[in-house]
Amino acid sequence: MARPKSGFACHVKAYRLTKEWSQEELAEKVDVRRQAIYDIESGRYLPNTAIALRLARLFGCRVEDLFVEQAEKTIILMGCDPAFEILGQHISRLAPDARVHCRFASSHRALEGLAEGVAHVAGTHLHNTGSAESNVVTAGRKLAGVSGRVLGFSLLEEGLMVAKGNPLGVRTVADLARPMVRFVNREPGAALRVLLDDLLQRAGIPVDAVNGYRNQVTSHREGAYRIACNVADAALGLRAIAEAYGLGFVPITNVRCDLVIPNDLSRHPTIRILLDVLQSAALRREIDTLPGYDGSVTGKVIAELIPDSGHA
């Protein structure tokens, strides 16, 4: 937990009292100690992002409603592109009091979090199956009635992470059906799992033919860790993560990761800084240095979301 700045206003106690809960009862619901609730309510400490989101969901409000000063300078970005951390660092360098809390989530979950009001920005990298832009269409559907912008963030290389040197000779998703290959999948709804299912279907391979299809991890890094520990031979992920863990990589496709930002947040001070940073050459250059990344789309307006249309 971090010590708050002066002028910090915490409304957790007021929300707790409307529920007629004691500090002990709230602590139990949030799965923290009573002392933590006391410290939060007395303004001694700010909770981390996970606890703040848990409190907001419990009270049916936004994090901004509970921690007023924090909300003036902090935004929550939900998504699964590891380069979001770099975006946050650039924002903090430009404005030291601005913060971007990156919360890992699949593309669908990130858009749902934006619609639910538990995030300010959603990162999505859904794969196009036709001429339509999946990121744009899905964002329009999830945020029905909300206007916003879809901005390009990165182009990234996705594929199969394998052991160093690719000792089993995995070349395509069809090789996942070989009995000796231990595969670990992503959770239902993850963009890479949707892509895998589509490729398996096109190849005429039933999912039950893949050893480990129903074994799931919830992040690229967890899949890489399984391979590094020799409990799996292949996992879905990014080239950048594979190289970070010293693994081999079998490319499948390139996908564009976009940021979805509602228009009603465009005046938020940190959102305004984020929009400026997205146009900076420094950010594009750093994205370009990452293995399997391309910053040529960074900051480009991909589409405008029009209320009630679900399309750009």
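Let's start in a loop. E20 sits between helix 1 and helix 2. This is a predicted model, so keep that in mind throughout. Phi of E20 is positive, about 60 degrees, and the residue is not a glycine. Is E20 buried or exposed? Its relative accessibility is 70%, and the cut-off for exposed is over 50%, so E20 counts as exposed.

There is another non-glycine residue with positive phi. N166 has a phi near 50 degrees. Its loop runs between strand 4, 148–162, and strand 5, 183–186. Here relative accessibility is 12%, under the 20% limit, so N166 counts as buried.

Back to helix 1. R16 is found there. This arginine is buried, because its relative accessible area is 7% and the limit is 20%. What does the side chain of R16 reach? One of its polar atoms lies 2.9 Å from the backbone oxygen of W21. Beyond neighbours within four places in sequence, R16 is in contact with W21, S22, Q23, L26, E41 and F59.

F59 takes us to helix 4, residues 49–59. The buried residues of this helix are T49, I51, A52, L53, L55, A56 and F59. Which elements do they pack against? Three are helices: helix 1 (12–18), helix 2 (23–30) and helix 5 (63–66). The others are strand 1 (74–79) and strand 2 (99–104). After helix 4 comes G60, with a positive phi near 70 degrees.

Now the cores. The largest nonpolar core has 41 residues. Most contacts inside it belong to L87, F153, M161, L259 and L274. Helix 13, residues 269–278, gives the largest share of this core, 6 residues. A second core is separate and has 37 residues, among them I40, I76, A119 and V136.

Leaving aside neighbours within four places in sequence, L87 is in contact with L77, F153, L259, L274, V277, L278 and L283.

Last topic, empty space. Rolling a probe the size of a water molecule over the atoms shows where such space is left. How many cavities of 30 Å³ or more does a search of the whole structure find? The search finds 3.

Methods:
Residues are numbered from 1 along each chain as its sequence is written. This is a predicted model: local features need pLDDT of at least 70, side-chain atom pairs count only at pLDDT 80 or more; totals for chains, interfaces and linings use all residues. Side-chain values use heavy atoms; hydrogens and water are left out. On a 1 Å grid over the protein atoms alone, a cavity is a set of points where a 1.4 Å probe fits but cannot get out, and a pocket is an open set with protein on both sides within 12 Å along at least five of seven lines; lining residues have an atom within 4 Å of a point. Grid points are joined across faces, edges and corners, and a volume is the space filled by probe spheres set on the points. A nonpolar core is a set of buried Ala, Val, Leu, Ile, Met, Phe, Trp, Tyr and Cys residues joined through side-chain atoms within 4.5 Å. Buried means under 20% relative accessible area, exposed over 50%, partly exposed in between (1.4 Å probe, protein chains only). Helices (H or I, at least four residues) and strands (E, at least two) are DSSP runs, numbered from the N terminus. Contact means heavy atoms within 4.5 Å. A polar contact is a pair of N or O atoms within 3.5 Å; within protein, one must be able to donate a hydrogen and the other to accept it, and residues adjacent in sequence count only if both atoms are side-chain atoms.
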